[in-house]
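Thank you all for coming.

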Amino acid sequence: GHGESELDTQYYAEYVSKENVLTATLNLIRSEEIPADCSAILIANPTGDISEDELKVLKDYMANGGSVILVTSYKFTAKTSPNLAALAEAAGLKALEGVAVEKDANMYYGYPYWLVPSIMSSSNSVTSYLDSTSINVIFETAHGIEKVEGTDANVTSILQTSSSAVMMKVAEGGLVD
């Protein structure tokens, strides 16, 4: 109910199904709790913010060991979605405003905002498949994410730009410093 993107059935939903994962839509406005058998919540590129009540339910779910996967675009900001930003912060993460632009020509494809990040940890189950298949990961117009300092959240980087990457603001005419 927040303008989330639907999963492309040809790729994502089919892959999830092959992994024997059952999926269901959950509307937290109509339900005050997350089902006990729910192992993860996916919030896919929302265009609107969640409510204070939804934020509380999701924070409680995470505090009790639940996993939330929040996928956002460069349009996501703490100003437009303060409750989603608070959810990310509860997980130890902060979205940076703008678009990540890579200055290292070996770290982008075609355009400096089509990032080809380094895969960080081959021992991580999320990235081990990518390492073993030599698949390139490409992000078009992505925003940066950083760990919130002073939090005790366990944050593991799985993809990373080079140290020369910068954040650029998005303006009506394109990207600006």
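Predicted model: local features only at pLDDT ≥ 70, side-chain atom pairs only at ≥ 80, totals over all residues.

Residues are numbered from 1 along each chain as its sequence is written, and side-chain values use heavy atoms, with hydrogens and water left out.

How many salt bridges does a search of the whole structure find? The search finds 2, where a salt bridge is a side-chain nitrogen of Lys or Arg within 4 Å of a carboxyl oxygen of Asp or Glu.

In one of them, the side chains of Asp-60 and Lys-56 meet at 2.8 Å, N to O. Both residues belong to helix H2, residues 52-63, and they sit 4 residues apart, about one turn of the helix; helices (H or I, at least four residues) and strands (E, at least two) are DSSP runs, numbered from the N terminus. Asp-60 counts as partly exposed because its relative accessibility is 37%, whereas Lys-56, at 52%, is exposed. Here buried means under 20% relative accessible area, exposed over 50%, and partly exposed in between, with a 1.4 Å probe and protein chains only.

The side chains of Glu-97 and Lys-79 also meet in a salt bridge, at 3.8 Å, N to O. This pair links distant parts of the chain, 18 residues apart, with Glu-97 in the loop between strand E3 (93-95) and strand E4 (99-101), and Lys-79 in the loop between strand E2 (67-71) and helix H3 (82-90). Glu-97 is partly exposed at 34%, and Lys-79 is exposed at 70%.

Let us now turn to the two loops. Is Ser-162 buried or exposed? With a relative accessible area of 17%, Ser-162 is buried, and its place is in the loop between strand E10 (159-160) and strand E11 (166-171). The side chain of Ser-162 makes a polar contact with the side chain of Glu-102 at 2.3 Å; a polar contact is a pair of N or O atoms within 3.5 Å, where, within protein, one must be able to donate a hydrogen and the other to accept it, and residues adjacent in sequence count only if both atoms are side-chain atoms.

Leu-96 lies in the loop between E3 and E4, and at 23% relative accessibility it counts as partly exposed. The C-alpha atoms of Leu-96 and Gly-144 are separated by 5.1 Å, although these residues are 48 residues apart along the chain.
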